[in-house]
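Reader: I have a structure open on my screen and I am new to this. Could you walk me through how to read it?

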Amino acid sequence: MARQKNDGRGRMGGRQKGTRNKVNTELQKIIADFCIEHLDEIQEKWSQANSKESLQFFLGLLRFATPYPQIGQDAREKEEQERREREKKQREEMEANVKAAQERMQKTLNSFIANNQD
């Protein structure tokens, strides 16, 4: 049987938490070195391209030269807190709506009783 997630025994193999992927690191270095080596050609092509092509080219290089942003624990906790606050607000609104509906029903019932006692 496979290990269950979060069984309390920690990581069992693979990279340690926070260790960068060696292949990605090497690839980023190769691309960065290529860009530095061919900087004059890149700048010339940049000036010849229209703004859309320039932007696509730049974003394409940037994709390989910089690491992808990771959603950290703080961001996840913030998202979870915001979700809890939204749910709490929705619950409070629903409770207020139910209470208002109950009060309207009570008024209607009292009015009905007062009108039919004659």
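Reader: How many helices and strands does the chain have?

Author: The chain has four helices and zero strands. Followed along the sequence, the pattern reads α-α-α-α.

Reader: Where is confidence lowest, and where is it highest?

Author: Start with the general idea: where pLDDT is low, the predicted coordinates should not be read in detail. Here the chain averages a pLDDT of 79, and 74% of the residues score at least 70. Confidence is lowest in α3, with a mean of 74, and highest in helix α4 (residues 73-116), at 90.

Reader: What share of the residues is buried?

Author: Buried residues account for 5% of the 118 residues in the chain. The chain exposes about 11,400 Å², and carbon and sulfur atoms supply 54% of that area.

Reader: Which residues make the nonpolar surface patch?

Author: Trp-46, Leu-55, Phe-57, Phe-58, Leu-59 and Leu-62 make this patch of about 560 Å². Helix α3 (residues 51-65) gives the most to it, with five residues. Take Leu-62, which lies in helix α3: its relative accessible area is 34%, so it counts as partly exposed.

Reader: And which residues gather in the patch of negative charge?

Author: Those are Glu-37, Asp-40, Glu-41 and Glu-44, on the surface. Helix α2 (residues 39-48) provides the largest share, three residues. Exposed means over 50% relative accessible area, and Asp-40 counts as exposed because its relative accessibility is 62%.

Reader: How many salt bridges are there?

Author: First, the idea: side chains of opposite charge can pair when their charged atoms come close. In this model the count comes to four salt bridges. In one of them, the side chains of Arg-83 and Glu-80 meet at 2.2 Å, N to O. Both lie in helix α4, three residues apart, about one turn of the helix.

Reader: What separates Arg-84 and Glu-80 in helix α4?

Author: About one helical turn, because they are four residues apart in helix α4. Arg-84 forms a salt bridge with Glu-80, and their closest N and O atoms are 3.7 Å apart. Glu-87 also forms a salt bridge with Arg-83, with the closest N and O atoms 2.6 Å apart. Salt bridges that share partners join Glu-80, Arg-83, Arg-84 and Glu-87 into one network.

Notes
Residues numbered from 1 in each chain as written. Predicted model: local features only at pLDDT ≥ 70, side-chain atom pairs only at ≥ 80, totals over all residues. Heavy atoms only, no water. Helix = DSSP H or I, 4+ residues; strand = E, 2+ residues; numbered from the N terminus. Buried < 20%, exposed > 50% of the residue type's maximum accessible area, 1.4 Å probe, protein only. Areas by Shrake-Rupley, 256 points an atom, 1.4 Å probe, with all protein chains shown as cover. Patch = residues over 30% accessible without salt bridge, like charges linked within 9 Å, V, L, I, M, F, W, Y side chains within 5 Å. Lys, Arg positive; Asp, Glu negative; His and termini not counted. Charge placed at Lys NZ, Arg CZ, Asp CG, Glu CD. pLDDT = per-residue confidence, 0-100.
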